[in-house]
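I opened my notebook today to look up a few places in a protein chain. Here are my entries, in the order I made them.

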Amino acid sequence: MPTKVFAPLPPVPDHPALEREILALWEDEKTFELLRDRNRGGPTFSFMDGPITANGPAGVQHLGRVLKDAFQRYKALRGFDQRYQNGFDCQGLWVEVEVEKALGLNSKRDIEEYGLAEFAARCKERVAHFSEMQTEQSKRLGMWMDWDNDYYTFSDTNIEYIWGFLKEVHGRGWLYKGHRSTQWCPRCGTSLSQHEQAGEENYIEMEHPSLYVRFPLLERGGEALVVWTTTPWTLPANVAAAVKPDAEYGRRENGDWVAVGRYPDETFVARLRGDELLGLTYRGPFDHFPAQEGVVHRVIPWDEVSLDEGTGIVHIAPGAGADDFELSRVHDLPVLMPIDEAGRMLPGYGELEGLSTTEVERPVIDDLRARDLLVEAGRVVHRYPICWRCKTPLVFRVVDDWFISVQEVRQPMLDANATVEWTPPQYGKRMDDWLRNMGDWNISRKRYFGLPLPLYPCGCGHLNVIGSRAELEERATAGLDGLHELHRPWIDDVTIRCESCGRDDVRRIVEVGDAWLDAGIVPFSTLGWKNPAWIEHGYATGAAAGLTGADLPDQAYWERWFPADWVTEMREQIRLWFYSQSFMSITLDGRSPYRQVLTYEKVYDEAGRPMHKSSGNMIELNEALERMGADVARWLFCEQQPSQPLRFGYHMADEVKRRLLTFWNSVSFFVTYANVDQFDPSAPAGELKPLDRWLVARTAQLVRKTTDAYERFWTPAVVQEFEAFVDDLSNWYIRRSRRRFWEGDATALRVLWDALTTAIQVISPVMPFLAEHLWRKLVSEDESVFLARWPEAADVDERLVAEVAAVRRVVELGRQARAASGLKLRQPLRRLVVAGADPAREHANEIADELRVRTVEFGDVDASELRVKPNLPVLGPKLGPLLRDVRAALQEGRFEPLDGGRFRVNGHVLEPDEVLVEHVGKEGWAVAADDGLTVALDTGLDDELLREGRVLDLIHTVNAMRREAGLDLTDRIRLWIPDEDLLAYADRIKEDTLAVSVEPGPLRLEKA
């Protein structure tokens, strides 16, 4: 067999450059296809991809995709057959709003004037453009997916599956039309659902008017109720004032009534309980408007009136607030709706007609002031909801929306969630909280490019719900000829026959569906639930035709792949995708659609601040990939705890590069010596030395621990174990074995090669590019690391691993002691005493060599003094004035050590957290201690030790001169040294500098 030649590595990796090379290599060799072919027919790992919105370039906030790829790569290395289907979200407000911006449209009227067909075309073009862009970005990130067979949620197939779901919920009696006050976006012109708006990101600090307004009482001349509002536009729709029945209210000298509890320092001329004010009537602030005709304004009770803000009397406008609307049902109040869907005042409101809710502020304030109804006008900053999509401040409107009742499905969803394994576990409890508190699902949106709700209400009172395109075609009476896809405006032209009365011109409602219906159905639509026969390209229908070649599988396929073994998305998807999937799955199948879930937090900048373009801290994904590289970006995401805000930035990236350089240098070190000695990895290893056996055991431990971490879907542990292993490999095995490598020890090279290649395999799912690059250098130029099987974990010699871990602790503390005493590491010392490290006893020679000491002794350390001080913040409150005497006793050494790190002083037993313990070396000793381990270095120096230190300094200097002279590793030299007393160490100097001769003279060297 020809001798293996390992290509040398440059000093540092160029991550972006080598990643582009690897991408080309994978493409040329069809590595992903080969991997899928190899695993086809193996055990299945079912992963369902949460669809990315094809509405713009992918950003660093989408780096959670690396987790999807990492665990799919790991499972592939274990031989699992997988689907690899990527998903795109394609319709709804997120697409519409961006298309509006691009076209310069500012309202629903603008869209309708532009034309719904043309608008739909622009939406589809945007999705096509950005789905292609996101695909290329995902490939650059290293994601392996079946890119030609993505699912697109606007496909007719996906829509039909949702229709079937809606027909099912209608059959169960869950679907209803609700008339209620709801959050409304005046810019988008639609209501929004609870799960869309529930996130903290959908609230911002805003400044609004703060008005205190009088409502003059009709039965009490000269007296008035005082209310507070931050929404002047709601005052013209006022119909009632609410008081807290059991609260006390007081009348000021000027006749104004307010809650006493809100103004405890004021003097009131009269006091009444709230229930004594009930039924009183008052003159409304805008009774002169036509909309107020016939309204009798009265005082009503409400237990929820807050005494923490305002006046303790609440202005009630049922047409402009959710709580207000519910009170109107209880107290039979009229409902005045002051604004249209664009947030402008309707006819009936006098000079305010046509003004926006913001434009209303000044005329309302001026009018109230002119009529002496304005007590005070100011400004207030408070948290206020904004549209999740366009960020417009929301208002409340009373509208008719379509809802799915959650009453019957709530408990089954809770029961199903109990079967799911959530990582981190606390997110499962968040899901429970959401399920317990969720309201009915508002599924309708008064928009255009979205799921057409298949609801056909007939004048006879019957609601026709269409469950599929086949049923639509069967029942249609007109409009089918123009129905080339299931979207507006084409679907709007289709009329059907009522199944109840036979009327043949029943039309669909104009609303479209909540986008989370689109994403929630994919465990059924993409897997072919209840589909009797496989249909080639059967998912590539409607708007998705030409964008994907995805098939529509059959029922047998669905049974094989449902439910998903694992899914992962950001935490906010608990109330969005995870929720909608669960809702639809429990309804249709009775089971959770996923078995395990990994959830993570949002991406922030390095300082922990949200990333925004306006803040100047936004990092574009393409820029990050080209500047730091995909592997580094992946590493940054994978190393952090998912339950904490995930930080991202270039300084952090530089730190990752620095840490990865240790592994890179370890490979480079191996390559250098392997080439010098013409190492052949196919040759069997010789007899293993103790250090070799340790590295073999440590490598087996790495495989075992990283395998466990991957199985727990926990990349932070993978990264932590890998970095700890690299530290052991570089700073212990390689450093301790340098002389063996100089001497061409084939066994040391073989053990190191095994360790390096195994480490590459276990880290490859996290950093696939660098792993592939190094694998090709060390193992095979022709075959990918991803076509190698996952390494099997051999038995671990736990005792040996523990011994060396103890040795490394001793060495680390010894170095600390040296540093504290000012003694450099190259200065030999006489003696080291170690206490508390029994497992390290058999490695005394290694410790001596590492710390440059003649002898190592294990036993009690008498070379230090124990100093104990009070931990004042803890002990002070406990002892009070007794602390002074205890402090003096500790300072004088009058204390008794007890078990468990406790001490008895002056009759008091002090716990470990109540004292500060320090080991201080006696004169002539340097001491360091940590967690039960103490080391003491004898710092005394004699002439012999000092001379040995000079020899080591000389060797260090000469080897530096070799590097500066550009000598190769194996080049021999002739050496001259100025200190003739060091010639007695000539053999040692020759051995460590590759000198053929050492002679007296000014310090210099030349190649032999």
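Entry: I began with Arg904, which stands opposite Val909 in S35. Strands (E, at least two residues) and helices (H or I, at least four) are DSSP runs, numbered from the N terminus. I then looked up the whole sheet: it is open, has 3 strands in the order S33-S34-S35, and its pairing is antiparallel. Its edge strands are S33 (896-897) and S35 (908-910), each of which pairs on one side only.

**Entry: what I am looking at.** This is a predicted model, where local features need pLDDT of at least 70 and side-chain atom pairs count only at pLDDT 80 or more, while totals for chains, interfaces and linings use all residues. Residues are numbered from 1 along each chain as its sequence is written, and side-chain values use heavy atoms, leaving out hydrogens and water.

**Entry: the whole chain.** I found 31 helices and 41 strands in the protein chain. Its C-alpha atoms fill a box of roughly 115 × 80 × 50 Å, taken along the principal axes. Of the 1008 residues, 57% are buried. Buried means under 20% relative accessible area, exposed means over 50%, and partly exposed lies in between (1.4 Å probe, protein chains only).

**Entry: strand S4 and its partners.** Which strands does S4 join? I found 10 bridges from S4 (residues 175-185) to S16 (residues 395-404), running antiparallel. In S16, Arg397 is the bridge partner of Thr182. Another 2 bridges join S4 to S5 (residues 190-191), also antiparallel. There, Trp184 stands opposite Ser191 in S5. S4 and S5 form a hairpin with 4 residues between them, and Gly189 in the turn has a positive phi of about 65 degrees.

**Entry: two loop residues.** Is Asp246 buried or exposed? Asp246 is exposed, because its relative accessible area is 54%. I located Asp246 in the loop between strand S8 (240-243) and strand S9 (248-251). Gly439 sits in the loop between helix H12 (426-437) and strand S18 (441-442). With a relative accessible area of 27%, Gly439 is partly exposed. I also looked up Gly439 and Val406: they are 33 residues apart in sequence and 6.9 Å apart in space, C-alpha to C-alpha.

Conventions: Two strands pair if DSSP finds at least two bridges between them.
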